[in-house]
Amino acid sequence: MKYVNIFAEIVSIMHQDYAGYEEKKGWDNPDFFTKKIERLESSELMTPQLFAEIVNEYLISFQDRHMYFHLHHSEKVEVKTCGFFVRNYEDTLYVTEVYEENRFGKGARIVSIDGQSISSIRKQQCAMLRESHPEREEWDEILNKAKYFELINENEDAVKLELNLYRRTPKKSTYDIRSINEDTLLVTLSDFGDTDRIVNLIEKHKDDLLASKNVIVDVRHNSGGNAHAGNSLVRYFYKKGEKPSSELKVREFNCSDRNVELFLEQAEQFRNSTDDEDTLKMVEFAENQFKTYRNQGFVAFDFSEFIADRVNEFEGEDNPENVIILSDYYCASAGEEFVGTSKGSSKVTIVGRATMGLNDYSDLVSINSDNQFTLYYPISRLEQKTEVHPIHGKGIQPDIYIKWTPKHIEEDIDLQQALKLINRS
């Protein structure tokens, strides 16, 4: 399939099937990208990696972080990345994680990219960074396209380095529950991707959870997955007699023919991947709704009965007494839904920074193209949009905000604050 034809299908999806197509009509400029793709394709300069970069640049027009265009590894194609991760502090990019890159370590500082200062790039390419607050900016797209950068290394030496691109290595999920002192458990959930594995982990440690006075839950890098995966953990966050709110945020689903077909395919995959009752009930309910309202545009699905049953059956626990949830900008989708559900408990304190805040448009489906690309896009929207905080962006706000600083690279400042709170209780 020609690249220009794949792109035409993506534009069609964004103009008819994407959950935000009505509100964001006219935000994109598909003709500009179509001409660019045609020019590169006719001159035989187009590559799969370059095409993926162009499509993702086009998708940025819609200002929706809940949307992705992925290039897949194959025998002929290698997905490349700069191999490290940065965070902005006072117009300097601090290297917070190093993966494939080995020429410098955590704590190194990038002060310019392709001869431009960080402050200059922020002014010129603010859309590419996706956020306006420094600690929430995303620099991956800019770094992956750079030719060189100036870096201050751990020895305080200024070094000019060409940007190397490395084959991206898949990151493994982390699901862990361990004791960090005699009264406190630390629960780490990098995502909610493997429902059964998470449910089994919580079941395995149920006696530990009931015996612990304090629990700290780290979802700072939780990238999402199945929102029901954390339900069996949430019951330990509420006292006996307390329940999560049954107040329902009305969500409208775009029941286009394409969306219905993609969801039904996805539902079958869900059935084959989990035994979780909550997930299977919700999948069956949603299937029936989509079949009923096929090709009827946006429809508000009535989840009230399902939610009421879940809340009525909910039983809290008196132990643990204190629950602290560590959150950050990288907590997204089902991760931030988990934070929002937990925040309603009198036991729970949220510490850190606001979550990503991308659930205005949600419930992703995916479509494959040419056996090497996958577009993920949301098909539902909230009637009432997420509130925007004037200081550190949208998302679920922490009870105790901790500004990110380079000291976080050397020490776990958020965890230290959590332990201080526990010691005061």
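## Exercises on strands, cores and a buried loop

In strand β18, S366 has Y376 as its bridge partner. The exercises start from this pair. The model is predicted: local features need pLDDT of at least 70, side-chain atom pairs count only at pLDDT 80 or more, and totals for chains, interfaces and linings use all residues. Residues are numbered from 1 along each chain as its sequence is written, and side-chain values use heavy atoms, with hydrogens and water left out.

### Exercise 1: the partners of β18

**Task.** Which strands pair with β18, and in which sense: parallel or antiparallel?

**Solution.** 

Step 1. Strands (E, at least two residues) and helices (H or I, at least four) are DSSP runs, numbered from the N terminus. Two strands pair if DSSP finds at least two bridges between them.

Step 2. Take β17 (residues 361-369). It is joined to β18 by 8 bridges, and the two run antiparallel. They form a hairpin with 3 residues between them. In that turn, D370 has a positive phi of about 55°.

Step 3. Take β1 (residues 68-71). It pairs with β18 in the antiparallel sense over 4 bridges. Here H70 stands opposite T374.

Step 4. Take β13 (residues 251-254). Its pairing with β18 is antiparallel too, over 3 bridges. F253 has S380 as its bridge partner.

Step 5. Check the cover. Buried means under 20% relative accessible area, exposed over 50%, and partly exposed in between (1.4 Å probe, protein chains only). In β18 (residues 373-382), 9 of the 10 residues are buried, so the strand is mostly covered.

### Exercise 2: strand β12 in its sheet

**Task.** Where does β12 stand in its sheet, and how many of its residues are buried?

**Solution.** 

Step 1. Write the order. The open sheet has 6 strands, β10-β11-β12-β15-β16-β21, with mixed pairing. Its edge strands are β10 (175-181) and β21 (400-401), and each pairs on one side only.

Step 2. Look at one neighbour. β11 (residues 184-189) runs parallel to β12, with 5 bridges joining them. The partner of T184 is N214.

Step 3. Look at the other neighbour. β15 (residues 322-327) pairs with β12 in the parallel sense, also over 5 bridges. D218 has L326 as its partner.

Step 4. β15 and β16 (residues 348-352) pair in the parallel sense over 5 bridges. S327 stands opposite G352.

Step 5. Sort the side chains. In a regular strand the side chains alternate between the two faces of the sheet. In β12, N214, I216 and D218 point one way, V215 and V217 the other, and all are buried.

Step 6. Conclude. 5 of the 5 residues of β12 (residues 214-218) are buried, so the strand is largely enclosed by the rest of the structure.

### Exercise 3: a proline in a loop

**Task.** Is P320 buried or exposed, and which residues does it contact?

**Solution.** 

Step 1. Locate P320. It lies in the loop between α12 (304-313) and β15.

Step 2. Read its area. P320 has a relative accessible area of 0%, so it is buried.

Step 3. List its contacts (heavy atoms within 4.5 Å). Leaving aside neighbours within four places in sequence, P320 touches L209, S212, K213, N214, V215, Y236 and K347. N214 and V215 also belong to the residues of β12.

Step 4. Compare sequence with space. P320 and D208 are 112 residues apart in sequence and 9.5 Å apart in space, C-alpha to C-alpha.

### Exercise 4: the nonpolar cores

**Task.** How many residues has the largest nonpolar core, and which helix gives the most to it?

**Solution.** 

Step 1. Define the core. It is a set of buried Ala, Val, Leu, Ile, Met, Phe, Trp, Tyr and Cys residues joined through side-chain atoms within 4.5 Å.

Step 2. Count. The largest core has 49 residues, and those with the most contacts inside it are I10, F51, Y58, L59 and F69. Helix α1 (residues 3-16) gives the most, with 8 residues.

Step 3. Follow F51. Not counting residues up to four places away in sequence, it touches Y3, I6, F7, I37, M46, F69 and F373.
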